[in-house]
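Hello,

Here is the structure I promised to pass on to you. Please open it and keep it in view while you read the notes below.

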Amino acid sequence: MSTCFRSRSSRKSHCKLKAILTTQIIALIENGVTTFLSGMALAADTWCAEIVLASKEYYPNVPLIAALPCETQADRWSVEQRDRHFNILERCDEVVYVSRQYSSGCMFKVFTGVKASARLRLYKRKPCLPN
């Protein structure tokens with residue numbers, strides 16, 4: 001059983017969200033998910049990848065696969081973001097690319113055709129207004 005991480009980047013660190021993600025990822029592992037895939041976008045994709053890597057201390061047989069849209073994904077990121085990105089890639093069990101170079105739509109092709117038993121998607125929602 002596998003799961004994919006896909007998010008719309010918010011680029012702001014949210015401790016509460018990271019705690020929820022940690023709880024959800026551990027629950028997925030304990031309920032039979034055996035493989036995790038991350039698109040490695042900034043924010044939530046990266047956080048999820050780091051959480052899976054940290055969980056390997058207790059669950060060493062759970063692989064993390066970086067499924068990247070293109071080899072140039074991090075080219076325009078800050079030095080700090082790139083360092084973090086490549087540090088995670090070095091620790092992944094596998095790194096796969098949809099494309100060598102950026103192309104229109106490559107970011108959305110990352111998980112097309114991936115058969116995952118669970119997908120953890122994070123989207124920014126508008127706040128609910130009281131009636």
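Below is what I found, going from the whole chain down to single residues.

A word on the source: this is a predicted model, in which local features need pLDDT of at least 70 and side-chain atom pairs count only at pLDDT 80 or more, while totals for chains, interfaces and linings use all residues. Residues are numbered from 1 along each chain as its sequence is written, and side-chain values use heavy atoms, with hydrogens and water left out.

The whole chain

The chain has 3 helices and 5 strands, in the order β-α-β-α-β-α-β-β along the sequence. Helices (H or I, at least four residues) and strands (E, at least two) are DSSP runs, numbered from the N terminus. Of the 131 residues, 39% are buried, where buried means under 20% relative accessible area (1.4 Å probe, protein chains only). Contact means heavy atoms within 4.5 Å; among contacts between residues at least 6 apart in sequence, 84% join residues at least 24 apart.

The core

In soluble globular proteins, nonpolar side chains tend to be buried together. A nonpolar core is a set of buried Ala, Val, Leu, Ile, Met, Phe, Trp, Tyr and Cys residues joined through side-chain atoms within 4.5 Å. The largest one here has 22 residues, and Ile 25, Phe 36, Met 40, Leu 64, Ala 66 and Ile 88 have the most contacts inside it. Helix H1 (15-30), helix H2 (44-55), strand S3 (64-70) and helix H3 (79-91) each give two or more residues to this core. H2 gives the most, with 7 residues.

Helix H2

How many of the 12 residues of H2 are buried? The count is 10, so H2 is largely enclosed by the rest of the structure. Among them are Asp 45, Trp 47, Ile 51 and Ser 55.

A polar atom of the Thr 46 side chain lies 2.7 Å from the backbone oxygen of Ala 41. Setting aside neighbours within four places in sequence, Thr 46 is in contact with Met 40, Ala 41, Arg 84 and Ile 88.

A serine to look at

Ser 38 belongs to strand S2 (residues 35-38). Is Ser 38 buried or exposed? Ser 38 is buried, with a relative accessible area of 0%. Its side chain reaches the backbone nitrogen of Met 40 at 3.1 Å.

Enjoy exploring!

Best wishes

How values were computed
Buried < 20%, exposed > 50% of the residue type's maximum accessible area, 1.4 Å probe, protein only. Polar contact = N/O pair within 3.5 Å; in protein donor to acceptor, adjacent residues only side chain to side chain.
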